[in-house]
Amino acid sequence: VRCPRGIPLTETITRLKERAVREHAAKWPKSTLFYEVFNGIVRRYGRMREMEFMARYLMRAAPLGAVNYAGLGLTLLARGKVHPELPKLRGKGRLDRLFDRVAELEGQR
Amino acid sequence: MKYLLYPGCSAEGSALEYKVSTVEVLEALGAEVEELDDWTCCGASAASVQSDLLGVTLPARNLALAEQAGSSLDMIVVCSACYTNFRRTSKAVTEDSSLLGTVNKALEVEGLTFRNSARTRHLMDVLAVDFTPEEIAGRVRRPLSGLAVAPYYGCQTVRPFSPYDDDEKPTSMVAILEALGADVHRHNRGAACCGTSLLMTKPKVGYHMVGEILATCSPADCIAVVCPMCHMNLDSYQAQASRVMERELHIPILFLPQLMGLAFGLPSSDLLLERHVVPAESVMMRLAEAETA
């Protein structure tokens with residue numbers, strides 16, 4: 001798990017992902033979808049909504065494959081581990097201002 | 001002893017039992033726990049992919065809140081990904097002072113200032129360092145005698161930030177489990193990766209990673225974990241992992257504080273054992289057998 005030449009592996013992977021998203025997101029939308037959906041939910045609610053995330057991600061990544069997760073989803077619901085919540089589609093997101101400010105500062109860097 | 005607690009999104013949702021049992025156990029050990037007010041997501045592994053600055057600003061927002069809440073208090077983090085993000089942010093602004101200024105320009109819209117003085121610690125660190133095995137043993141009312149437990153730490157609990165344990169062969173859970181009266185199943189996959197988001201993005205790869213860990217731990221009666229993501233993956237995908245590994249894998253996954261709570265004699269309503277996909281009944285039966293033996 002450690003590079004013999006001391007290359008920080010995790011940070012390097014993150015930088016490569018960041019570059020891939022920046023330069024090729026349109027070309028390979030599925031590869032970047034996970035991050036796009038995740039960050040969209042955090043921006044809107046401030047915190048992750050696990051069930052909404054799974055539903056949004058799976059329906060866009062593999063609508064037919066989503067059926068494979070139906071059994072697990074029902075089990076998690078039955079155990080009380082996830083709760084159905086109606087998505088909030090209107091109004092401002094909890095972290096809109098922070099995300100916008102970061103984007104503005106990123107543009108200046 | 002008083003601590004701040006940053007639960008993180010999972011411990012407020014799918015792993016609520018982790019947060020509840022953590023607070024109960026720390027209070028049973030005489031500690032006071034105060035949840036960080038108005039916390040938001042740390043960004044997990046997604047924010048830094050969208051933007052380098054976002055990846056440090058989201059953790060910094062919570063660290064600034066922690067500083068506001070009480071600069072002398074350590075903030076306990078129960079999720080290993082959140083823990084890594086907080087530590088990574090502190091390290092980044094320490095190494096690059098201009099970054100601290102940029103982060104604070106971003107935080108202005110939240111009315112916050114980050115001074116990089118907040119101290120974050122993983123729950124594993126607090127349990128292993130702040131309480132001696134004798135103190136933990138002294139609180140035990142129902143020893144976990146006869147229960148074989150396989151400790152599993154996951155990667156981000158000890159890598160890259162591990163001031164309290166070895167980053168490749170961690171052992172900090174062992175003394176705690178022994179203090180509870182459990183038999184520790186020693187194995188070599190304690191710091192292996194659980195697959196994290198691969199279970200959704202590349203499921204077949206993820207099933208194999210989960211299967212390897214479950215197979216290595218399977219001689220035990222249960223696996224003890226200290227990360228909600230590890231718990232979700234090891235608990236929820238055992239059927240799929242069994243198919244990939246071509247052998248039956250069925251083993252309860254408990255959070256370490258749940259096992260501590262059982263040994264402390266805390267009521268099961270405080271431990272929420274019924275929330276797991278793989279039922280914990282076999283663990284309870286093994287303990288009942290030991291009691292009647």
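User: How many of the residues of helix α14 (residues 256-264) of chain B are buried?
Analyst: In this predicted model, a residue is called buried when its relative accessible area is under 20%. The buried residues of α14(B) include B:Leu256, B:Met260 and B:Phe264. The helix is mostly covered, and the count of buried residues is nine of nine.

User: Which residue just after α14(B) takes a positive phi?
Analyst: Helix α14 of chain B spans residues 256-264. Just after α14(B) comes a phi of about 80°, and the residue that takes it is B:Gly265.

User: What area do chain A and chain B bury between them?
Analyst: The two chains meet through 37 residues of chain A and 50 residues of chain B. Of the area buried between them, 60% is on carbon and sulfur atoms. In chain A, the residues that lose the most area to chain B are A:Arg47, A:Lys81 and A:Leu98, together 17% of what that side buries. The area that chain A and chain B bury between them is about 4,000 Å².

User: Which residue of chain B forms a salt bridge with A:Arg15?
Analyst: Across the interface of chain A and chain B, the rule finds four salt bridges. A salt bridge needs the nitrogen and the carboxyl oxygen within 4 Å. For A:Arg15 the closest N and O atoms are 3.5 Å apart, and the partner is B:Asp52.

User: Which element gives the most to the side of chain A that touches chain B?
Analyst: Elements giving two or more residues to this side include α1 (9-24), α2 (29-45) and α5 (96-108) of chain A. By class, the side has 19 nonpolar, five polar and 13 charged residues. With seven residues, the element that gives the most is α5(A).

Technical notes: Residues numbered from 1 in each chain as written. Chains lettered and ligands numbered in written order. Predicted model: local features only at pLDDT ≥ 70, side-chain atom pairs only at ≥ 80, totals over all residues. Heavy atoms only, no water. Buried < 20%, exposed > 50% of the residue type's maximum accessible area, 1.4 Å probe, protein only. Helix = DSSP H or I, 4+ residues; strand = E, 2+ residues; numbered from the N terminus. Contact = heavy atoms within 4.5 Å. Buried area = accessible area lost by both parts, 1.4 Å probe. Salt bridge = Lys/Arg side-chain N within 4 Å of Asp/Glu carboxyl O. Nonpolar A, V, L, I, M, F, W, Y, C, P; charged D, E, K, R; others polar.
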